[in-house]
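Student: I have a structure open and would like to understand the terms used for it. Could we go through them together?

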Amino acid sequence: MPELPEVETTRRGLAPLLNQTVSQVVIRNPALRWPIPGHLPQTLLNQSLLELSRRGKYILARFDAGSLLLHLGMSGRICLLEKDEAPARHDHFDIHFRDGHVMRLRDPRRFGAVLWAGQEPGEHVLLKVLGPEPLDDGFTGAWLYRQLRNKTAPIKNAIMDSHLVVGVGNIYASESLFRSGIHPGTAANKVSKLRCETLVQEIKATLNDALLAGGSSLRDFFGADGNPGYFQQEYFVYGRTGQPCKVCGTPIKTVRLGQRSTFFCAHCQR
Ligand SMILES: [Zn+2]
């Protein structure tokens with residue numbers, strides 16, 4: 001599943017489209033998680049792309065007429081083509097630009113989204129409820145500690161809740177808890193202020209490491225074989241059940257927390 005680093009890498013990779021003007025919008029299959037609005041071909045025609053930003057796992061593409069919200073869902077990816085090519089089976093949505101570039105959404109499982117958010121995208125129902133960005137300066141240990149005072153859920157579930165903080169998916173939650181030495185099942189309100197400081201630092205570091213691994217362009221990101229870069233990362237615990245901990249050698253354990261597989265080292269994480 002695309003996580004925050006993959007979405008951010010995608011956003012950066014779309015930079016060649018900035019200030020380009022839309023010549024055509026093609027909706028091949030509108031049946032994504034929500035229907036793609038039928039007015040987009042008309043609304044976006046002759047509009048210039050003014051800004052590409054990200055909020056959580058949403059990419060916001062701002063035009064004069066308003067902002068388009070893009071989400072990659074479970075299996076989506078956005079390709080940037082230098083010129084039009086015949087679409088493949090799961091290529092549901094294109095934006096063509098006058099300079100020849102095509103931005104194409106491929107999404108086999110169709111949990112992704114292409115939505116119109118108008119002039120106040122921050123007020124969109126999907127964005128309004130989101131917590132702060134983990135890489136922003138406002139996301140600090142002291143802030144996290146305050147937020148966790150009345151939360152008894154396991155710390156891993158708490159940091160994966162997008163109302164608390166966005167973009168900490170299963171991989172990054174498991175890895176940052178290992179790097180902080182915190183057992184993922186610890187009740188959130190039992191994590192000390194000092195450990196909240198460490199955890200916030202490690203969440204930022206884990207996401208930044210992934211961003212570096214993702215490459216600086218969509219071409220680097222997908223690699224020659226078309227597979228996204230995030231599969232090539234090295235993890236301490238994620239997906240390593242039964243393998244020796246890279247720090248102490250104890251076999252990595254798995255438990256289910258909040259219906260998600262959780263990987264940890266029972267020796268290093270308390
Ligand atoms: Zn260990």
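Student: How many cavities of 30 Å³ or more does a search of the whole structure find?

Tutor: The search finds 1. This is a predicted model, where local features need pLDDT of at least 70, side-chain atom pairs count only at pLDDT 80 or more, and totals for chains, interfaces and linings use all residues. Residues are numbered from 1 along each chain as its sequence is written, and side-chain values use heavy atoms, without hydrogens and water.

Student: What makes a space a cavity?

Tutor: On a 1 Å grid over the protein atoms alone, a cavity is a set of points where a 1.4 Å probe fits but cannot get out. The largest cavity holds about 40 Å³, a volume being the space filled by probe spheres set on the points, which are joined across faces, edges and corners.

Student: Which residues line the largest cavity?

Tutor: Leu49, Leu52, Ala61, Phe63, Leu68, Leu70, Ile95, Phe97 and Met103 do; a lining residue has an atom within 4 Å of a point. The lining divides into 9 nonpolar, no polar and no charged residues, since Ala, Leu, Ile, Met and Phe count as nonpolar.

Student: Why are β2 (51-55) and β8 (113-118) at the edges?

Tutor: The open sheet has 4 strands in the order β2-β3-β4-β8, with antiparallel pairing. β2 and β8 each have a single partner strand, so one side of each lacks a neighbour in the sheet. Strands are DSSP runs (E, at least two residues).

Student: How do you know that β3 and β4 pair?

Tutor: Pairing needs at least two DSSP bridges between two strands. 6 bridges join β3 to β4, so the two strands pair by that definition.

Notes
On a 1 Å grid over the protein atoms alone, a cavity is a set of points where a 1.4 Å probe fits but cannot get out, and a pocket is an open set with protein on both sides within 12 Å along at least five of seven lines; lining residues have an atom within 4 Å of a point.
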